[in-house]
Amino acid sequence: MIKFVRVLLLFAMSCSSVSYSMGQGFLKADGKKIVDETGKEVILRGMGLGGWMLQEGYMYGLSSLGQQYRIREKIEASVGAEKAAEFYERWLTTHTTRKDIDALAAMGFNSIRLPMHYALYTLPVEKEPIAGSDTWLEKGFALTDSLLKWCAVNKMYLILDLHAAPGGQGNDLAISDRDPSKPSLWQSEANRKKTIALWRKLAERYASEPWIGGYDILNETNWGFQDEKDTRGTNERQNGPLKILSQDITRAIRSVDQKHLIIIEGNGFGNNYRGMLPPWDNNMALSFHKYGNFNTPKTIQHFLDLRDQYNIPLWLGESGENSNTWFREAIKLSEENSIGWAWWQHKKMNINNPFEIKKPEGYNRLLADWSGKGPKLSKEEAWDILDEWLHNIALQNNVFHADVADAMFRQVQSNTAIPFKKHELSRGATTIKAVDFDMGAQRVAYFDTDTASYHYTPGVNTAGNRGWTYRNDGVDIKRENDDTYIFHIENGEWLQYTVSVKSTGNYQFVFRTRSDSARGAVTILGDEKKLARIDLPVTSAKKWSSTQSPSVRLTKGIHRLKIYVDKGGFEWIDFTVSGTSK
């Protein structure tokens, strides 16, 4: 834990020269801007707490299950209902704590978006003891109260987001933990009434809380009201039921709370506003969500036009799930257009978030059991794996990805590179892992021909780091036998390493590579001056080869070394630097 905190604090110090707007008092809409009570514009820089109150299967390699209730069914089948209840109780108390919020504040976030599951606040319609009544559950409210206190201490705004509404609001089932065998939000008047009642209850409870930044009243509806075949809701022309429900929720909130900002989302995963405008409240903002497309003004122009037409603020309420290059570009695009943002999400089993949850030992065996592709585990074996999973979700046991945080804050403001790890060259051999190149933007700290995922852009299907391990830049990294290497390099790509040379002297580079497809070559640049060029042999997919460079002279001090691929390409690279002082 001490080492974890030290790494995080060092990162925060590296960003200390960047200033961020802090709010004072209630947020409100003022024309096209979100401002605080002093009238100062506030650019929200937020993080969503996806996975805490609402699990989605993809976050944990469980896309085949999808919804949280189905994950819970598998856990119950493995360890019984009592242990499953213990698992989820510990999940809620461990996944997100004061430490998580403190850590996010230290990085520079000034707001938190809480994806709420309605079932933590009220009973499902079908479980109400009296039809049409609303039984309130203290669990969800108590968790929200604690989170609000942690945010207030850090002077962060908390935005409440109804992510899973009663019955579920879309055909993407995992988003809202929807059971398709039961009536959806749009097929049940009882579910709609409960949704309205829940928002009135929340607004009544938090009406006087200035650190509640706003009410994001319904996340990512994806529903064809006019055409049931339009399962994503992207072609909907009228959106009548969504507009009516949004207006009803607004009236319920305003009956007890006149101050807080109300945020609405369109159909089609938050982006289809046809038929929903003009706005019906004078303290309202439009949210839009952005994933996997290019970060050009054209991609957000429609929302800018809505802002201008209706004189209403915009908020990029959910984005992320991509590479560092994409993060930096998307945030720059938003902030250059005075749009605040909230990323999705702060931790899961992957590298493209600030914190990574490590897979417990035996996790793949548990998944094989659940999918029917492996032997059934004993109750004891399954619980040991689940217990380790609970251990791993705690912040102090997460892997901190400084490169992700750096891309979201420092790189947005600065076009410079900083060391990813400390590299010192002295007498004797120093191993510099190829994967430990500098942190910084594409073409600043490294150059790779594929740096982001554009899977929602027609005709484009790229991935960024295709190994999905260690770092979230565009460089392709794999893990093999608990070690990490760059496994694919193309002609023209390069990597930069900031090194501290302790003594002036002659140094040699020894490259350890393997490739069964092409004879490669690299050029070593020192502070943009050519130091040496080395031809690399063809080996095999499994055989390593070591190639030594000519001796190069480096003076004492800080140098930026660039490893540049100028011929062919190769797989798997690592290198060592040895020096003799003179």
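Predicted model: local features only at pLDDT ≥ 70, side-chain atom pairs only at ≥ 80, totals over all residues.
Trainee: Which residues of α11 are buried?
Mentor: Helix α11 spans residues 363–371, and its buried residues are Y363, L366, L367, A368, D369 and W370.

Trainee: And what covers them?
Mentor: The cover over the buried residues of α11 includes α2 (68–79) and α12 (379–393).

Trainee: Changing topic, how many strands are in the closed barrel, and how do they pair?
Mentor: The barrel has 8 strands, in the order β3-β4-β5-β6-β7-β8-β9-β10, and the pairing is parallel. From one strand to the next, the twist averages 30°.

Trainee: How many bridges join β6 to β7?
Mentor: Strand β6 (residues 212–216) and strand β7 (residues 262–265) are joined by 2 bridges. D216 has I263 in β7 as its bridge partner.

Trainee: Which strands does helix α7 touch?
Mentor: Helix α7 (residues 240–254) packs on the sheet and touches β6, β7 and β8 (284–290). The direction of α7 makes about 170° with that of β7.

Trainee: What about S184, where is that residue found?
Mentor: S184 lies in the loop between β5 and α6 (189–206).

Trainee: Is S184 buried or exposed, and why?
Mentor: S184 counts as buried because its relative accessibility is 0%, and the cut-off for buried is under 20%.

Trainee: Which residues is S184 in contact with, leaving aside neighbours within four places in sequence?
Mentor: S184 is then in contact with G167, G168, R178, N191 and W223.

Technical notes. Residues numbered from 1 in each chain as written. Heavy atoms only, no water. Pairing = 2+ DSSP bridges. Helix = DSSP H or I, 4+ residues; strand = E, 2+ residues; numbered from the N terminus. Axes fitted to C-alpha atoms, helices over the stretch in contact; angles between N-to-C directions. Contact = heavy atoms within 4.5 Å. Buried < 20%, exposed > 50% of the residue type's maximum accessible area, 1.4 Å probe, protein only.
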